[in-house]
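Thanks for coming. I will go through strands, then salt bridges, then aromatic rings, and keep it short.

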Amino acid sequence: MTSKRILGALGAFVAMSAVAGVLVAAVVTPTAAVASLAVSDATDTFNGLPDYLALQPLDQTSTFYATKGGKEVPIATFYAQNREDVSWKQIAQTVKDAAVDTEDPRFYTEGGIDIYGTIRGALATSSGSDVQGGSSITQQYVKNILVQRCDEQDQVDPDASAKVQAKQEKVFEQCYADAAGVTVSRKIQEIRYAVGLSKKYSKQDILQSYLNIVGFGGEIYGVQAAAKYYFDVDADQLTLPESATLVAILNNPNYLRVDDQAIKPDSSAQDNDSKDGFAATKERRDYVLQRMLVHKSITETQYKKAVATPITPKITSTQSGCQSAVAYDAGFFCNYVEHVLLQDPTFGKTADQRELKFQRGGLNVYTTLNLDLQNTAQSALSTWVPATDTDVDIGGANDSVEVGTGRIVTMVENKAYDDAGTGDASTTAVNYNTDYDYGGSAGFQTGSAFKAFDLAAWLEAGHTATEDIDAHYSGYSFPLDEFTASCQGGQLSGSPYQVYNDESSEGGEMSVLNATEESVNTAFMQMATQLDLCDIAKVAEALGVHSASPQTNPFQIVPSMVIGTNYISPLTMATAYAGIANNGMFCTNIAIDKITTTAGENVAVPKSTCTQAIPATVAAAMAWTLEHVITDGTATRAEPDDGTPILAKTGTTDNYEQNWLVTSSSKVANAIWVGQISGSDDLQYYDYNGSELANAKFYAARTILQALDSNYGGSEFTTPPSTLLYGSSESTTQNNSTTGGDTSNGTGTGTGSGTGTGTGTNPQPTSSPSPSAPATNPPSTGG
């Protein structure tokens, strides 16, 4: 033996002998042992035990729920480690006995450490062997909690530079070495922590915490998750052979696991899978059973019967993330809820706090989603809008929002949710329903669906619903100096703005009611010349309307805005129309009703905030006018014919590239969008299921509205004051409604939009694709 090796062995002997001496003393007088351990910084007093070693709930699964048939149904589970903490009573006694008899027979009498096992390890190490184990259950708990802490605090950022990742990896490796490395100093610290825990907590608490933290292979942690994954039972229902099998797995989790995913420790190791009856695991399981027999936890008869029982797992995977919600047509909604949890300040002031709260899990998230209505909405949308088309990049989305509560009850899309974004054209990770910051796209031009906000500003300015206006005719060029935008400098200037209607014959003298029914672009542009464009924008903003992606497509206050050229999400439009139906009271969205922890505690959730966006009288007059759109106007094909009053507005852009129908009863609002994710094709020329894609919104919406009305019902809207309908002269009679055409509302083309005086023209908003979402359609000035 070289002198260097002799000195190393001597050093190890001295260090471990000191520990061994303390341990021997602990057998005779634990108090003396504690005093002896306080001779240096490495073996400091047990006082001041780190907070993170306290027995506390660990990172575990969170589950999202939705209602189906009035019952809460789990739709998705999230975990970094698949774990569910359980109480002492929720763990089968056979598991507790198997763990103690095999891992630490002196557990109930020792002071936190296995004295004899550790001495044996110390002496072996001092003789030149590797550092030996001999760890008690308490020590194993300490090591697991320290490793857990490394996983939480020292993760490698996949988006960081290679240099930063290398540094993070080094920090993680050092943390892991400090937590589980084979060194004398690490072992001494483990012993110190274990004795400290044993002085502070009961044996029952320590064993329960140990069984809740240990790994059982892969991402399976804790006895409850292991019982569910390997045998599809709860931990308190495990049989003796199953309990022994789980404890056997602890000896080498990734090799002895019983799901055909065993990782051999070396090339000489035998196979361990279902083909050979999990031979290696059975050998270890039978050893566990033998130790239970020796310690009289089971009888000879129980032992023989258990040994004769083959290992027959019933693997039941729990998928992490929103992908599992696809089975409930809820992948996109699930993704939206996840974004809410990570972004709403209710769950933490900073992004890091919210991320940590979600990562730690243990949350039961009860969402607002109604799966019965969701399934109907998905079926209706998929019936009329294909997931993909070889000739056009087609998209479709539908949202339903409760009036007065802001609760989102449906959220569907024509494509299948794919959280990795690696599928074919029929799948996507982009949620077309919502804003870019919440997993959505850059939004879509709304066309004439925006005219509801023009109407609101018109009525607020003192005009009436039946007032006659000169709508001009299709192709009319509006001088820009006829428009005012006080928030942007006042009167506009620039090239005239030419506007077309859907039908060349539309125009001339007509009432605002008729113009709304037929969705006449030139009429609304003429109305806008009598208003302040900023007032229209203020009304829309008060009702929650905003750009789906301000960085890509900022909301623009320009003449073309009047006929819907801003990029807005379907969820935003549904929520705005719910505000109209709610007598002008706008209520912010909520997707979560309540959250509880696995311990049964309530967690604060975002609440809907309601504000009076527009006067109730104006909202009533709007509802009266917009009801005519579905009874006599452009939305008649979506009429559910069930007696429920519904206000509505259609919307299309140039060449029917984007197509909308936004509606609301007194109980629930609905927005459906069918259009192009990219490209500028005319959807009138593309058929699916025997109908033009441009008209798919009507047929899908009709089915959805019937389901919503059947579930919610609906009453008459508030009666508006006659002055807002007919003016101050009550002798004025209501104009007869002119039935709208068969097509959606008109489209138009324009040559400019303009800004404040002296600044020249302002080009139409362009659509540049957002970094991780598909581009929306090219700019349009259609109505």
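Two strands are said to pair if DSSP finds at least two bridges between them. Helices (H or I, at least four residues) and strands (E, at least two) are DSSP runs, numbered from the N terminus. Before the details, note that this is a predicted model: local features need pLDDT of at least 70, side-chain atom pairs count only at pLDDT 80 or more, and totals for chains, interfaces and linings use all residues. Residues are numbered from 1 along each chain as its sequence is written, and side-chain values use heavy atoms, with hydrogens and water left out.

Start with strand E3, residues 363–370. E3 pairs with strand E17 (residues 592–597) in the antiparallel sense, over five bridges. Leu363 has Thr597 in E17 as its bridge partner. Strand E1 (residues 62–68) is joined to E3 by four bridges, and these two run parallel. Here Thr67 has Asn370 of E3 as its bridge partner.

Is E3 buried or exposed? I use buried for under 20% relative accessible area, exposed for over 50%, and partly exposed for in between (1.4 Å probe, protein chains only). Eight of the eight residues of E3 are buried, so the strand is largely enclosed by the rest of the structure.

A loop next. Thr653 lies between strand E20 (647–652) and strand E21 (658–664). Thr653 is buried, at 0% relative accessible area. A polar atom of the Thr653 side chain lies 3.0 Å from the backbone nitrogen of Gln658.

Now the salt bridges. The criterion is a side-chain nitrogen of Lys or Arg within 4 Å of a carboxyl oxygen of Asp or Glu. How many does a search of the whole structure find? The search gives 11 salt bridges. One of them joins Arg257 to Asp259, with the closest N and O atoms 2.8 Å apart; both residues are buried.

Asp641 and Arg702 also meet through their side chains, at 3.0 Å from N to O. This pair links distant parts of the chain, 61 residues apart: Asp641 is in the loop between helix H22 (616–631) and E20, and Arg702 is in helix H23. Asp641 is exposed, with a relative accessible area of 59%, while Arg702 is partly exposed at 29%. Elsewhere, salt bridges with shared partners join Lys282, Arg285 and Asp286 into one network. Arg285 is buried at 0% relative accessible area, and Asp286 is buried at 16%.

Last, the aromatic rings. Rings of Phe, Tyr and Trp (its six-membered ring) pair if their centres lie within 6.5 Å; planes under 30 degrees apart count as stacked, over 60 as edge-to-face and the rest as tilted. By this rule there are 17 aromatic pairs. Among them is the tilted pair of Trp384 and Tyr699, 5.0 Å centre to centre with 40 degrees between the planes. Why does this pair tie together parts 315 residues apart in sequence? Because Trp384 lies in helix H16 (residues 371–384) and Tyr699 in helix H23 (residues 696–712). Tyr699 is partly exposed, at 26% relative accessibility.

Tyr432 and Phe444 form an edge-to-face pair, 6.1 Å centre to centre and 80 degrees between the planes. Both residues are buried. Finally, ring pairs link Phe450, Phe453, Phe555 and Tyr577 into a cluster.

How values were computed: A polar contact is a pair of N or O atoms within 3.5 Å; within protein, one must be able to donate a hydrogen and the other to accept it, and residues adjacent in sequence count only if both atoms are side-chain atoms.
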